[in-house]
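Here is a short briefing on one protein chain. Keep the structure open beside the text while reading.

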Amino acid sequence: MRRPVVGVIGNAHRIENRFAVQMVGERNLRAVADVAGALPLMFAAAPEITDIGALLDVVDGVVLTGARANVHPTRFGTEPDPKHEPYDIQRDDLALSLTEACVARGVPLFGICRGLQEMNVAFGGSLHPEIREIPGRMNHRMPRLENGEIHPDHKVIFADRHDVALVPGGAFATLLGCETIRVNSLHGQGILEPGKRVVIEGVAEDGTIEAIRIADAAGFALGVQWHAEYDPQRNPINRKLFQAFGAALVAQQRQQKV
């Protein structure tokens with residue numbers, strides 16, 4: 001069989017605040033290539049450019065990556081606030097519809113950070129724009145220096161920061177072979193109310209939802225709130241996730257040949 005192809009969603013960005021581009025963090029592409037064993041193929045998060053049906057005819061799986069932009073609050077019935085910008089309206093349009101299409105067609109889907117949030121919203125769930133403002137929650141945002149600047153060391157930014165308790169006997173606990181893991185944390189927004197088909201698979205020490213699956217999905221449909229694309233070449237937890245995604249891609253290929 002040919003090497004599986006994975007569609008990796010892009011993000012709207014401006015170079016020099018003038019030139020509109022679509023971009024993807026290279027760690028996502030390397031995780032797909034190095035660990036899932038697939039060919040990463042970036043696609044534009046813009047409905048007028050990317051036809052979902054045509055995309056799913058080409059790829060064997062999809063990764064919804066993390067991103068700077070938040071899902072727009074109107075997608076889950078809340079008024080927007082400028083302090084929670086930026087937003088990426090076109091990505092919202094594409095990703096939410098794409099999530100439903102992947103699940104319906106059994107195309108393997110892996111949501112990371114914003115990707116998990118998109119999966120939740122696609123099935124009717126809601127988000128909180130700033131999890132740390134909820135009483136009893138910790139600050140899940142990336143580490144910063146005392147002057148407010150983002151910490152310059154990636155090893156500090158992506159260091160494991162809190163535990164996640166996995167549901168005993170659940171999909172993640174079975175896949176990872178344990179019931180407690182430790183993960184990085186680089187997000188402000190998070191799940192408030194789970195969507196109708198969203199099954200909670202892992203929760204942080206403060207109650208923040210960190211791992212989900214879509215109930216009754218025909219194929220791999222998992223989401224994580226942490227950045228699993230960081231160093232899955234060496235991180236055993238993230239490696240197992242991308243390897244499982246890779247196995248699902250191969251299974252999808254075989255099914256398409258039947």
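Where is the place of D216? D216 sits in the loop between β12 and β13. The model is predicted. The points below take the sheet first, then the helices, then single residues.

**The sheet**

- Nine strands form an open sheet with mixed pairing. Their order is β4-β1-β5-β6-β13-β12-β11-β8-β9.
- β4 (39–43) and β9 (180–183) are the edge strands. Each of them pairs on one side only.
- From one strand to the next, the twist averages 25°.
- β5 and β6 run parallel and are joined by three bridges. Within this pairing, L64 stands opposite G111 in β6.
- β6 has buried residues pointing both ways. L109 and G111 point one way, while F110 and I112 point the other way.
- β12 (residues 209–214) and β13 (residues 221–224) pair in the antiparallel sense. Three bridges hold this pairing. In one of them, A211 has V224 of β13 as its bridge partner.

**Helix α7 across the strands**

- α7 (residues 236–257) lies across β1 (5–9), β5 (61–64), β6 (109–112), β9 and β13. The helix runs at about 155° to β6.
- G246 belongs to α7. G246 is buried, with a relative accessible area of 5%.
- G246 and L222 are 24 residues apart in sequence. Their C-alpha atoms are 13 Å apart in space.

**Helices α3 and α4**

- α3 (residues 89–105) packs with α4 (residues 114–122) at an angle of about 70°. Their axes are 9 Å apart.
- The two helices are therefore roughly perpendicular to each other.
- The crossing of α3 past α4 is right-handed.
- On the α3 side, the contact is made by R91, D92, A95, L96, T99 and E100. On the α4 side, R114, G115, E118, M119, V121 and A122 make the contact.
- What is the division of the residues in this contact into nonpolar, polar and charged? Five are nonpolar, two are polar and five are charged.
- In α4, nine of the nine residues are buried, so the helix is largely enclosed by the rest of the structure. The buried residues are R114, G115, L116, Q117, E118, M119, N120, V121 and A122.
- G124 follows α4 and has a positive phi, near 90°.

- Most residues other than glycine have a negative phi.
- Is D216 buried or exposed? Its relative accessibility is 74%, so D216 counts as exposed.
- D231 lies in the loop between β13 and α7.
- At 18% relative accessibility, D231 counts as buried. The cut-off for buried is under 20%.

- N11 is in β2 (residues 11–15). Its relative accessibility is 12%, so N11 counts as buried.
- Which residues is N11 in contact with, leaving aside neighbours within four places in sequence? They are V21, Q22, M23, T65, G66, A67, D88 and R91.
- R91 also takes part in the contact of α3 with α4.
- P47 is in the loop between β4 and α2 (52–58). At 35% relative accessibility, P47 counts as partly exposed.
- P47 touches Q90, D93 and L94, not counting residues up to four places away in sequence.
- P47 and R91 are 44 residues apart along the chain. Their C-alpha atoms are separated by 8.0 Å.

**To take away**

- β6 is parallel to β5, and α7 lies across both strands.
- The loop between β12 and β13 holds D216, and D216 is exposed. The loop between β13 and α7 holds D231, and D231 is buried.
- α4 is largely enclosed, and α3 crosses α4 in the right-handed sense.

Methods
Residues are numbered from 1 along each chain as its sequence is written. This is a predicted model: local features need pLDDT of at least 70, side-chain atom pairs count only at pLDDT 80 or more; totals for chains, interfaces and linings use all residues. Side-chain values use heavy atoms; hydrogens and water are left out. Axes are lines fitted to C-alpha atoms, for helices over the stretch in contact, and angles run from 0 to 180 degrees between N-to-C directions. Helices (H or I, at least four residues) and strands (E, at least two) are DSSP runs, numbered from the N terminus. Angles under 35 degrees count as roughly parallel, over 145 as roughly antiparallel, 65 to 115 as roughly perpendicular and the rest as oblique. A crossing is left-handed if the near helix is turned anticlockwise from the far one by less than a right angle, and right-handed if clockwise. Contact means heavy atoms within 4.5 Å. Ala, Val, Leu, Ile, Met, Phe, Trp, Tyr, Cys and Pro count as nonpolar, Asp, Glu, Lys and Arg as charged, and the others, Gly among them, as polar. Two strands pair if DSSP finds at least two bridges between them. Buried means under 20% relative accessible area, exposed over 50%, partly exposed in between (1.4 Å probe, protein chains only).
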